[in-house]
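I set out below what I looked up in this structure, entry by entry.

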Amino acid sequence: MANQSFDVIIIGSGPGGYVTAIRAAQLGMKVAIVEKDALGGVCLNWGCIPTKALLRSAEVYHNMQHAKAYGLTADAGYDLKAIVKRSRDIAKQLSSGVAYLMKKHKIDVIKGFAKLEKGKDAPKVIVGDDTLTAKHVILATGARARTISKAGLEPDGKFIWTAKEAMVPDTMPKNLLVIGSGAIGMEFASFFSAFGAQTTVVEMVDRILPAEDAEISALAQKAFEKRGVKFLTGAKVNSVKTGKSVTAEIEAGGKTQTLEFDRVILAIGIVGNVEDMGFETVGVKVERTHVTVDEYSRTGVPGLYAIGDLTGPPWLAHKASHEGVICIEKIAGQNPHPLDINRIPGCTYCHPQIASVGFTEAQAKEAGHDVKIGRFPFLGNGKAIALGEPEGLVKTIFDAKTGELLGAHMIGAEVTELIQGFAIAQTLETTEEQLMETVFPHPTLSEMMHESVLDAYDRVIHI
Amino acid sequence: MPIEILMPALSPTMEEGTLSKWLKKEGDTVSSGDLLAEIETDKATMEIEAVEEGTLAKILVAEGSAGVKVNAPIAILLEEDEDESALDGFETGNSGPKSNAEPAARPDESRDPSPEESSKENGAEKERAEKSLSNAESNSQPKDKEMDPVVQRGERDSDDRLKASPLAKRMAKDAGYDLSAIKGSGPHGRIVKRDIESFDGAKYAPKSADKPAPKADADAGTDVGPVRGGGANYLEKLGINPGSYDLIPLDGMRKVIAKRLVGSNLDVPDFPLVIDCEIDALLSMRKELNTQAPEGVKISVNDMLIRASALALKHYPEANASYTPDGIAYHHSADVAVAVAIDGGLITPIVRGADNKGLSTISSEMKDLASRARERKLKPQEYQGGTFSISNLGMFGIKEFGSIINEPHGMIMSVGAGEPRAVVKDGELAVATVMTVTLTCDHRVVDGAIGAQWLLVFKRYIEQPITMML
């Protein structure tokens, strides 16, 4: 197979790449997908899925510790190796699931590292000794954790972890420093603190989970602090030095303090995988480690497209998949609508869970909307009480004039499973009226979504 | 492989059509863009263009065939390197739903609604012609707009439900847009937020040349342009610098005027009828009445016009009608709306049951309604509804003008100034006071003959005003 030609070649098999490949096959194209590592990319192997497996272990452990509250007795204990093994097994299972899907759709999976060279319709793709050509080439090479080597903020094989190392911990740290309080940082803080690691989270801006609504950030910080997690906000890690343990110099509020930790997790952002693939030889425009694209993922180089994390935030699997589908449908001559970034839900699977879609209150006001805000606390919901999860909030933001649902923000048990309801409402462009008319089943957590909407219009029932 | 040429859909609703003429013969070479044939529907005649190149190998549907179903194969094209042997064993009907031909952007030239048309038959034709016009508009980019089901204009279900998101409906309502004029870009032509935001009301206003007669839009000073999207920078895009004008925000009345009249201009196929009335007798009767009238009662010409038109509506009830999708409503009562100019707009208070009211009652009612209208103190039931309207610009010296129908009214009468004019009487030149009135009729309910006969009845009441007193 020294020279092969396809309708479309996709580089990278994460949730952007493999979903695009399947959609391309459905559209009748001859598809190849190039992967240097395991099928499924970071999401399945080193991201979304294995962390959810770890967090599930943490949740069950937490419940065991609180078994008494449910009238149960349990002898709570854990085996870190087995927890990690479960997570790895699940990743493997899903990766082989992707392999099956590729086979089912007759997609050629090509193992190896892809490089681009100038070509006719689209750049040529060189994998080892093979040259692959296609009318269209889609880059879906993803992203990785950002590191800053001059401050010592890079993995050292022992003390300092990125998400990838933190996912396969050799030991349960006693004193853990998490740098960065975005979704990744908070999920690891949640996991390790659940198993007793004394955890400190450092965040550069003045509140944790900076992408979320400020009210949700504050509630999250309170919930974590109640379980013993310490936060340093408006703080900066100047340097970390490793010896027998880690010494971190942290600057906060004009004061510098030096603290000792036995492990550090870096969650200080994401950089795109743009290196060594010949992007510069074919003329791909790269800005701050991300490929610049238009609304249909076109790079400006004929026949070359880029989707997913590689193209910038939000760095979310479901964003990558949707972008890929839109890209390939456009290539196939269909008429898809560009992705509306504001309608992409974001979920953080820490305890308590956080989920949101659309504008935060501050963003809505900044965009010039007159807003109506609804709030409903978990404490007012029968199901939440029955579950033993009375902490949390559902907040909804409407445009006062049009009744458009501008945003929804939730914190508490299972909210990551609830947010899709508001996402559908936004996609269908319902106003408060349809949400109020919708019958929510009792008793469920979803009733809080209804109540929050009612509250925005001063019609709330249960508070 | 031979390429099938399929019967194209010239409009979203087209199911079949007539293949009226082949413009290529079997054996002709066809290049992309060549006109292949003429297709006729009940709405329009259009030419179809070749998309593929090759030789027209076989014509499957003969010229003049009616009832050809959309997507049925009508001819077979051979590609350059193929000869007729490629046709052996080739079965039609395998090329899927996509047509290989596209309609060319040319509506039927034969449409041209004549203002004189008066029979029901012609009225129906006019409606069709106007529909084909709107097709022509969307056909100007056949590939993107006509053939693509995603972007058809405000598509309706079989039950006539307009597909629009709740948010889009509310935004359209607030902006005073008629949803049926807006293209839906959502799934199955659903109208969504972005369609409202990008909607340019100006684009869908009928052009004056398409109307049966030039329109003055002079309805008591309500020269309302189409409702426009795009806000303040709308003018900037049209080359008018910001700062060179004052922008007064639309108040509620202005929005209602814009919405209702744009809606009327879009939906109502109207036509004008013009007649002269001599009013010397009317003026002298008015003078007499006013000398004899009790203190405080002063009958105006307008009051007499209200009474005359109400009596004419009663005498000729076919003209006292409203169009509804379920049928034509013939009203039992003659409720005459009268346009009153007020600060910042106009309003049309209604004299209800004017056919049963005497001149002095009409006069005092009208006086009260008009004065409260100027103070904006009318109750909604005093200006909503009505079955007919009168707009009088005679006091400004306007000789004649046409008005826009205010639905649900089937007709509106525009009254010009009464002035001395030379008339011919018994073969001699004479001077008479003449008033020109223009009756604008909704052709869906009032055909030319009905409108004309109503006008004759009205003219008789005006010219022999004593009959009004019966």
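In which helix of chain A does A:Val325 lie? I found A:Val325 in helix H9 of chain A. Helices (H or I, at least four residues) and strands (E, at least two) are DSSP runs, numbered from the N terminus.

Basis of the entries. I worked from a predicted model, in which local features need pLDDT of at least 70, side-chain atom pairs count only at pLDDT 80 or more, and totals for chains, interfaces and linings use all residues. Residues are numbered from 1 along each chain as its sequence is written, and chains are lettered from A and ligands numbered from 1 in the order in which they are written.

Entry on A:Val325. A residue is buried if 20 or more other C-beta atoms lie within 10 Å of its own, exposed if 12 or fewer, and partly exposed in between, with C-beta atoms placed from the backbone. Leaving aside neighbours within four places in sequence, I noted contacts of A:Val325 with A:Val19, A:Thr20 and A:Arg23. Two residues are in contact if their C-beta atoms, placed from the backbone, lie within 7 Å. A:Val325 and A:Val19 are 306 residues apart along the chain, yet their C-alpha atoms are separated by 7.2 Å.

Entry on H1(A) and H9(A). I next looked up the helix pair itself. H1 (residues 17–26) and H9 (residues 317–331) of chain A pack at about 30 degrees, with axes 8 Å apart. Axes are lines fitted to C-alpha atoms, for helices over the stretch in contact, and angles run from 0 to 180 degrees between N-to-C directions. The two helices are therefore roughly parallel to each other; angles under 35 degrees count as roughly parallel, over 145 as roughly antiparallel, 65 to 115 as roughly perpendicular and the rest as oblique. H1(A) passes H9(A) in a right-handed crossing. A crossing is left-handed if the near helix is turned anticlockwise from the far one by less than a right angle, and right-handed if clockwise. From H1(A), A:Val19, A:Thr20, A:Arg23 and A:Ala24 take part, and they meet A:Ser321, A:Gly324, A:Val325, A:Cys327 and A:Ile328 of H9(A). I recorded the residues of this contact as 5 nonpolar, 3 polar and 1 charged. Ala, Val, Leu, Ile, Met, Phe, Trp, Tyr, Cys and Pro count as nonpolar, Asp, Glu, Lys and Arg as charged, and the others, Gly among them, as polar.

Entry on H1(A) and H4(A). The axes of H1(A) and H4 (residues 80–104) of chain A come within 10 Å and cross at roughly 20 degrees. The crossing is left-handed. A:Tyr18, A:Ala21 and A:Ile22 of H1(A) make the contact with A:Val98, A:Leu101 and A:Met102 of H4(A). These residues divide into 6 nonpolar, no polar and no charged.

Entry on the core. Which residues have the most contacts inside the largest nonpolar core? They are A:Ile9 and A:Val264, in a core of 140 residues. A nonpolar core is a set of buried Ala, Val, Leu, Ile, Met, Phe, Trp, Tyr and Cys residues joined through C-beta atoms within 7 Å.

Entry on chain B. I noted 11 helices and 19 strands in chain B. Buried residues make up 37% of its 470 residues. I found 10 residues of chain B in contact with 10 residues of chain A.
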